[in-house]
Each structure stands twice: as structure tokens, then as C-alpha cells.
Amino acid sequence: MNQSLAKVQNPYQPSRAKIVDIRDLTPDTRLFQVMLIDPKEREQFTYRPGQFCQISVMGTGEIPISISSSPTRPGLLEFCIRKVGRSTSSLHRLVPTDEIGIRGPYGNGFPVEYMQGKDVLIIAGGVGLAPVRSLLYYILDNRDQFNQVTLLYGARSLQDVLFPAELQTLEQHRDLNILVTLDRGDTSVWPYRVGLVTELFSEIEVAKNTVAAVCVPPVAYKFVTKELLAKKVAGEDIFMSLERKMHCGIGKCGCCAVGSKYCCQDGPVFSYWDALNLPDMI
Ligand SMILES: Cc1cc2nc3c(=O)[nH]c(=O)nc-3n(C[C@H](O)[C@H](O)[C@H](O)COP(=O)(O)OP(=O)(O)OC[C@H]3O[C@@H](n4cnc5c(N)ncnc54)[C@H](O)[C@@H]3O)c2cc1C
Ligand code: FES
């Protein structure tokens, strides 16, 4: 065999990872804590909040999933996975100690350096809390680098709120403003509001130097960006994590192409201006 070819790493070759723990978050969403099996790979695996991995279960295929843990807390990787179809269902059938394949990290992630010294306004809806949770913990672990931090989070109902206990703990932080709203349901359990996530904008002040990080269901981007622009957040300071169907994750197959961009490489985080110039992005 050609020795030099043997040394070229196959970019499609996943790393083996072991599931350490699985937690039910909502009736259809689970948090998977996983550990890369190879200690060297584990040590070398670095990522940015907002990046994703291609996760595979032997025999069922590979899917893109955002990393929900923060690079400031190395060791275990966390993925928050909603069961919607074939691959996510096979992931939900796994148990701790089972193995999965992981490729990545891929994508650009949120511009954390650019956010330094500014107010950060995070807006999440549903399972969109997964990637921004990584950003939230990154900011908390580097708290002196950022100004005022606010999270606006919307879920369909009380049982759909991801990480309710964590949100309650985070709410105790004096330097973190967290507002949670439910589309419907009982709000007596914790001071949740009822209404759409866009309605929370009436409760907050938005300073001039604010950078926004948004991850909401596709239909909500239009309405959230409208609120942000009304609050005078500049288009280039609005960063949105957008989803497209993906296969390779590395800019080869072309299935995530939008206009001149590849969602897997140029995204999944796009500024409002970038997204406006791309067909059907928001
Ligand atoms: C960058 C990125 C990050 C993601 N992060 C997360 C995450 O953190 N947690 C999470 O639960 N999901 C996340 N997703 C969505 C996840 O990849 C899809 O839910 C998954 O691929 C569905 O696979 P499946 O085989 O279970 O469903 P399938 O059997 O393939 O399809 C089931 C249904 O889901 C739809 N669907 C499939 N893939 C996508 C997609 N990429 N976007 C929108 N609809 C899709 C199909 O059209 C179909 O209606 C992310 C997607 C991207 C592109
Ligand atoms: S997923 Fe293949 S090019 Fe983006």
C-alpha cells in the first residue's frame, strides 16, 4: 500500500465516542453526554459555541447536531437531540455505554471575540436553546469579557422547556437576565410568562452596543429580527443559527448550498445581512 496515502486522514471517518449519560429533557428531547474514546482525540477536540458535529449510529446514518456543552468545560460533549425521524429515533433507543460516531466540530459558530466588551442578547426558541446554551456557559465562564447578558427563551408549554432547573439556577446570577415565556399553559410553577418570545422584547432595554445571538424555529426569525431592528440592533450585529439539510458537513456534497454559500461551512451562523442576501434563508 502507498504509505503516504495511508497517512491521509479520511474526513468522513468518525471518531468513536461512548455515551456516558442520557437525560430526558422533554417528552421528545434528550440530553446525551458523550466522551470520545481515544484520550488523544478527547484532549485535542476544541470547538466554538454554535458549532455542530455529524453524529452517527451504526446502520442508520449521520445527522448534524449542535454542541450544547461549552468548550470552557472540557471532557464530556453534550448534545440535545429531539426525536423527529429515523436517525434521531435510533439515537433515542441507545443507552449509556453504547457507542456512537462523531465527526467535527463543523461550521463557524458564534463570533465570541466580536461579542467581547458588548451587551449580549440571546434569543432562543424550542430546541434552539441547545446551541445557545453553549454560548451562555461560555460567557458565564468568561464573564468579565462581556457586558450585560440577557436570555429570552420561548417554549411551547411547560413540559417543552429544556433545562428548567438550570434556567432557574442561572436566573439567580445577578449579572444574568433570563426571561422565559410559554406559548400556552400553567405559569404558576415558576415565573414564566405566557406569550410568544417576541413579546418579551417589551420587558427589556437594549443598549446601543448590543450583539444578538438568535436560534429559533424557522418561522420565527422574521419576527425576532423585526423586534431587534426596532430596538436599533444593527443588522451586522444580529447573528442567527440557521438549519439546512446536511450530509457531508464539510463543503463537499453541496446539499446545504444556499446562493453562493454552504450552510455547513459558511454557517450555520449567519449575520442578518448575510441571511437577507441568501434565497429563502429567513
Ligand atoms: C447545523 C445543524 C444543527 C442542528 N442541531 C440540532 C440539535 O442540536 N438538536 C436537534 O434535535 N436537532 C438539530 N438539528 C436538526 C437535526 O439534524 C435533524 O432533526 C435530523 O437530521 C433529523 O434526522 P432524522 O433521520 O431523525 O429525521 P428524518 O427521518 O431525516 O426526517 C424527519 C423530519 O425532519 C425533517 N428534517 C430532517 N433534517 C432536517 C434539518 N436539518 N432541518 C430541518 N428539518 C429536518 C425532515 O424533512 C422530516 O420532515 C440540527 C440541524 C443542523 C443543520
Ligand atoms: S453538507 Fe455537504 S456541502 Fe454542506
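The C-alpha centres of domain 1 and domain 2 lie 24 Å apart. Domain 1 covers 10–106 and domain 2 covers 112–241; these bounds come from an automatic or database domain assignment.

A word on the source. This is a predicted model, where local features need pLDDT of at least 70, side-chain atom pairs count only at pLDDT 80 or more, and totals for chains, interfaces and linings use all residues. Residues are numbered from 1 along each chain as its sequence is written, while chains are lettered from A and ligands numbered from 1 in the order in which they are written.

Now the domain contact. 17 residues of domain 1 are in contact with 16 residues of domain 2 (C-beta atoms, placed from the backbone, within 7 Å). On the domain 1 side, β1 (15–26) and β5 each supply at least two residues. Strands here are DSSP runs of E, at least two residues, and helices are runs of H or I, at least four, numbered from the N terminus.

Next, the sheet. Six strands form an open sheet in the order β4-β3-β6-β1-β2-β5, with antiparallel pairing. Pairing takes at least two DSSP bridges between two strands. β4 and β5 are the edge strands, each pairing on one side only. β1 and β6 (residues 99–106) share four bridges. One partner pair is A17 and I100.

Last, ligand 1. How many residues surround ligand 1? There are 20, and the closest are I63, S66, G85, S87 and T88. Near means a C-beta atom, placed from the backbone, within 6 Å. β4 (61–66), β5 (77–82) and α3 (86–92) each give at least two. β4 gives the most, four residues.

How values were computed: Two residues are in contact if their C-beta atoms, placed from the backbone, lie within 7 Å.
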